[in-house]
Every structure is written in C-alpha cells, then in structure tokens.
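Trainee: Could you walk me through this one before I set anything up?
Mentor: Gladly; let us have it on screen and take it topic by topic.

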Amino acid sequence: MVDSTEVPEVSWAGMVEWLTGSLVDQPVALIVEIGPNSYVSEDDDEEVVCAQIQVLADGVLMLRRSRVELGHLLLADYSAKHLTLDRWHFDGHFEDCTDGYLFSRDVNLIANTCVAWFRDNWGTRSTSELGCSYRFPDELMPSVDADDVF
C-alpha cells in the first residue's frame with residue numbers, strides 16, 4: 001500500500017514534530033520518503049534531494065539521504081542486533097545512497113537530521129516545497145482476528 005501526500009505547511013520545527021509523531025509505534029518495514037513535491041521520476045538526469053526512513057526491529061530507524069532517487073530496499077533481515085547506532089555511515093553500502101545513512105533509536109535525532117538535510121544543506125525555502133510518501137509492509141496472511149477469514 002502506498003499513500004502519497006504533501007507535507008503539511010508548517011515551520012521547520014513543526015516538521016520535526018510532525019515527522020517525530022509519524023514515526024512512533026509504526027510497523028517494522030514501514031518506509032517514509034521525503035523529497036521535492038515537484039519531482040517526476042522520469043527526469044533521470046535531474047539531481048533530486050531526498051531522504052528515506054525505514055523502521056527496523058527493536059525500535060531502530062534507518063535514515064538514508066541522497067541526491068538521486070532512492071530505491072526501495074529488499075532487506076533480508078530487519079534485525080538491528082549488529083548495527084552501529086548513532087553514527088553517520090559514508091561507506092557506500094547502499095549504491096543509491098549518495099550522502100550516507102544512520103541507524104538510531106532516537107526518533108528526534110532521525111527527524112532533526114532529515115529536516116536539516118532539506119533546510120540547511122539544500123536550502124529548501126519552506127516545508128511546502130516537500131512531499132512525502134508512506135509505504136507500509138505487506139502482510140502474507142490476515143491476522144487471526146480478521147473478519148474476512150474463511
């Protein structure tokens with residue numbers, strides 16, 4: 001399921017608050033992508049500033065930043081057991097992640113880093129220039145409590 005929406009017109013501090021609230025109690029594998037609301041993915045030659053947040057296990061979030069459109073990762077494991085937290089990684093592990101990535105349980109750190117990326121590093125004039133998309137994980141089997149179970 002994909003739900004696209006524009007980021008609400010708020011101050012930068014309001015965007016941090018909105019993003020922080022959007023990341024609490026979310027399912028593992030949720031992906032939140034933020035970028036220019038005017039970007040069209042067919043414009044492959046155009047540099048596009050974007051950020052992607054993915055929910056991992058044990059309350060860990062992964063923030064990836066890039067100047068190219070980020071793909072959706074097909075992670076083999078959402079475990080955070082062996083990850084180094086709260087350290088910016090520049091090792092090129094993800095081919096499309098041009099400006100590094102961060103693993104953290106600190107939702108405020110993730111939200112503030114994401115907002116600073118647009119506000120300070122790329123000079124985005126206001127939050128109204130941004131859009132976001134949520135991608136929730138697919139379920140293979142309905143829950144036992146589902147009404148439409150045969």
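Trainee: How much of the chain counts as buried?
Mentor: This is a predicted model, and in it 42% of the 150 residues of the chain count as buried.

Trainee: And which secondary structure elements does the chain have, in what pattern along the sequence?
Mentor: The chain has 2 helices and 6 strands, and reading along the sequence gives the pattern β-α-β-β-β-β-α-β. As for contacts with a separation of 6 or more, 62% of them are between residues 24 or more positions apart.

Trainee: At what angle do H1 and H2 pack?
Mentor: Helix H1, residues 12-22, packs on helix H2, residues 107-121, at an angle of about 140 degrees, and their axes are 9 Å apart. Angles over 145 degrees would count as roughly antiparallel and 65 to 115 as roughly perpendicular, so the two helices are oblique to each other. The crossing of H1 past H2 is right-handed.

Trainee: Which residues meet there?
Mentor: From H1 there are Trp12, Met15, Val16, Leu19 and Thr20, and they meet Val107, Asn108, Ala111, Asn112, Cys114, Val115, Phe118 and Arg119 of H2. By class, the residues of this contact comprise 9 nonpolar, 3 polar and 1 charged.

Trainee: What do the buried residues of H1 pack against?
Mentor: They pack against H2 and also against strands S2 (31-36), S3 (50-55) and S6 (130-135). The buried set in H1 consists of Trp12, Gly14, Met15, Val16, Leu19, Thr20 and Ser22.

Trainee: Switching to cysteines, how many disulfides are there?
Mentor: The count comes to 0 disulfides. Cysteine 114 is in none, and the nearest cysteine sulfur, which belongs to cysteine 132, is 9.7 Å away, whereas a disulfide would need the two sulfur atoms within 2.5 Å.

Trainee: Is cysteine 114 buried or exposed?
Mentor: Cysteine 114 counts as buried, because its relative accessibility is 0%. Cysteine 50 is buried too, with a relative accessible area of 10%.

Trainee: One more thing, what is phi at aspartate 25 and alanine 29?
Mentor: Phi is near 55 degrees at aspartate 25 and near 90 degrees at alanine 29, a positive value in a residue other than glycine in each case. Most residues other than glycine have a negative phi.

Trainee: Where is each of them, and is each buried or exposed?
Mentor: Aspartate 25 is in the loop between H1 and S2, and alanine 29 has its place in the loop between H1 and S2 as well. Aspartate 25 is exposed, with a relative accessible area of 77%, whereas alanine 29, at 12%, is buried.

Definitions and conventions:
Residues are numbered from 1 along each chain as its sequence is written. This is a predicted model: local features need pLDDT of at least 70, side-chain atom pairs count only at pLDDT 80 or more; totals for chains, interfaces and linings use all residues. Side-chain values use heavy atoms; hydrogens and water are left out. Axes are lines fitted to C-alpha atoms, for helices over the stretch in contact, and angles run from 0 to 180 degrees between N-to-C directions. Helices (H or I, at least four residues) and strands (E, at least two) are DSSP runs, numbered from the N terminus. Angles under 35 degrees count as roughly parallel, over 145 as roughly antiparallel, 65 to 115 as roughly perpendicular and the rest as oblique. A crossing is left-handed if the near helix is turned anticlockwise from the far one by less than a right angle, and right-handed if clockwise. Contact means heavy atoms within 4.5 Å. Ala, Val, Leu, Ile, Met, Phe, Trp, Tyr, Cys and Pro count as nonpolar, Asp, Glu, Lys and Arg as charged, and the others, Gly among them, as polar. Buried means under 20% relative accessible area, exposed over 50%, partly exposed in between (1.4 Å probe, protein chains only).
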